[in-house]
Amino acid sequence: MYGMIHRGLRDMMIERVGPEGWAELEQHLQVGPAEFISLNLYDDELTIRMIASAAAKLEIGTATMMRDFGRSWVQFAERGSFGSMLSFTGRTLGEFIGNLDRLHQAVIVAMPQARVPSFVLVEDHGQRMVVDYRSDRAGLEPFVVGLFEGLLDRFGLRGSVLEIGEVPGGARFEITIEGP
Ligand code: HEM
C-alpha cells in the first residue's frame, strides 16, 4: 500500500506508545524513513507486517488493531493534505458514504497505482444504514468497521457498526445510529 497508510499507522502508534516505543518498533521491523514516503508504493506484505507488530506491541489482537487503526485513520486523513477533500465528500454520514468511491477516485489521481475499495450505500433509513464494501484484498473487514466508527466520530454521532454478511467480492455492513 502507499506510504501514506504507513504514516497513518506511525501517527497512531506514537500517540499510543510514544516516540521511544515507536523507535523500538521500527528497529524490530527493520524499517526507517524510506518506508514512510507518502507517494511511494510498498508491498502489502510490509503493511500487514507493520500492523501485526504494532498489535503485538499494544498486546491486542490483529483484528482489534485494524479496527483501532481504521478509527484513527479518519482523524489522520483530516489532518493531512487530503483533509479538505473530506469536507467535499459529504455533510451527512449517508452523503459521505455515498461519495466514498469518488473520494478514492480523487486519491487515484495522486496515487495512480492505488487499489482502492468500493462502497455502495444500499439502504439509508437515517438511523440505520446498510453498506456494501468490495475489495480485491481479503481480511480488511475489521479495518472497515473502524473506518465507519471514525466517520461516526467525525459527524458527532454515537452508534455501532456490524459486519452482517458477505457480498460477492466483499462484505455487507450495518451502521446503527443511537439517540435522537
Ligand atoms: C481523505 C481520506 C482518505 C484518503 C486520502 C484515502 C486513501 C487511501 C489510500 C491511499 C489507500 C491505499 C490504496 C493502496 O495503496 O492500494 C486506501 C485504502 C483504503 N481505504 Fe481509503 N482513504 C480515505 C478515506 C477512507 C474512508 C473514509 C474509508 C472508509 C470509510 C476508506 C476505506 C479504505 C479501505 C477499506 C482501504 C483498503 C483497501 C482495500 O480495501 O482494498 N478510506 N485509502
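How many salt bridges does the structure hold? The structure holds 16 of them, a salt bridge being a side-chain nitrogen of Lys or Arg within 4 Å of a carboxyl oxygen of Asp or Glu. This is a predicted model, in which local features need pLDDT of at least 70 and side-chain atom pairs count only at pLDDT 80 or more, while totals for chains, interfaces and linings use all residues. Residues are numbered from 1 along each chain as its sequence is written, and side-chain values use heavy atoms, with hydrogens and water left out.

One of the salt bridges joins the side chains of Arg49 and Glu45, at 3.2 Å from N to O. Both residues belong to helix α2 (residues 44-58), where they stand four residues apart, about one turn of the helix; helices here are DSSP runs of H or I with at least four residues, numbered from the N terminus. Arg49 is partly exposed at 35% relative accessibility, and Glu45 is partly exposed at 47%. In these terms, buried means under 20% relative accessible area, exposed means over 50%, and partly exposed lies in between (1.4 Å probe, protein chains only).

A further salt bridge, at 2.8 Å from N to O, brings together the side chains of Arg71 and Asp153. Because Arg71 lies in helix α3 (residues 62-79) and Asp153 in helix α7 (residues 141-154), this pair ties together parts that are 82 residues apart in sequence. Arg71 has a relative accessible area of 36% and is partly exposed; Asp153, with 34%, is partly exposed as well. Elsewhere, salt bridges link Asp44, Arg115, Asp136 and Arg137 in a network.

Leaving aside neighbours within four places in sequence, Ile97 is in contact (heavy atoms within 4.5 Å) with Leu121, Met129, Val131, Phe148, Leu151 and Ile175.

The ligand contains an iron atom, whose single donor from the protein is NE2 of His104, 2.1 Å away. Donors are N, O and S atoms within 2.8 Å of the metal (3.2 Å for Na, K and Ca), and sites may look incomplete, as water is not among the atoms. His104 is found in helix α6 (residues 100-110).

Methods
Helix = DSSP H or I, 4+ residues; strand = E, 2+ residues; numbered from the N terminus.
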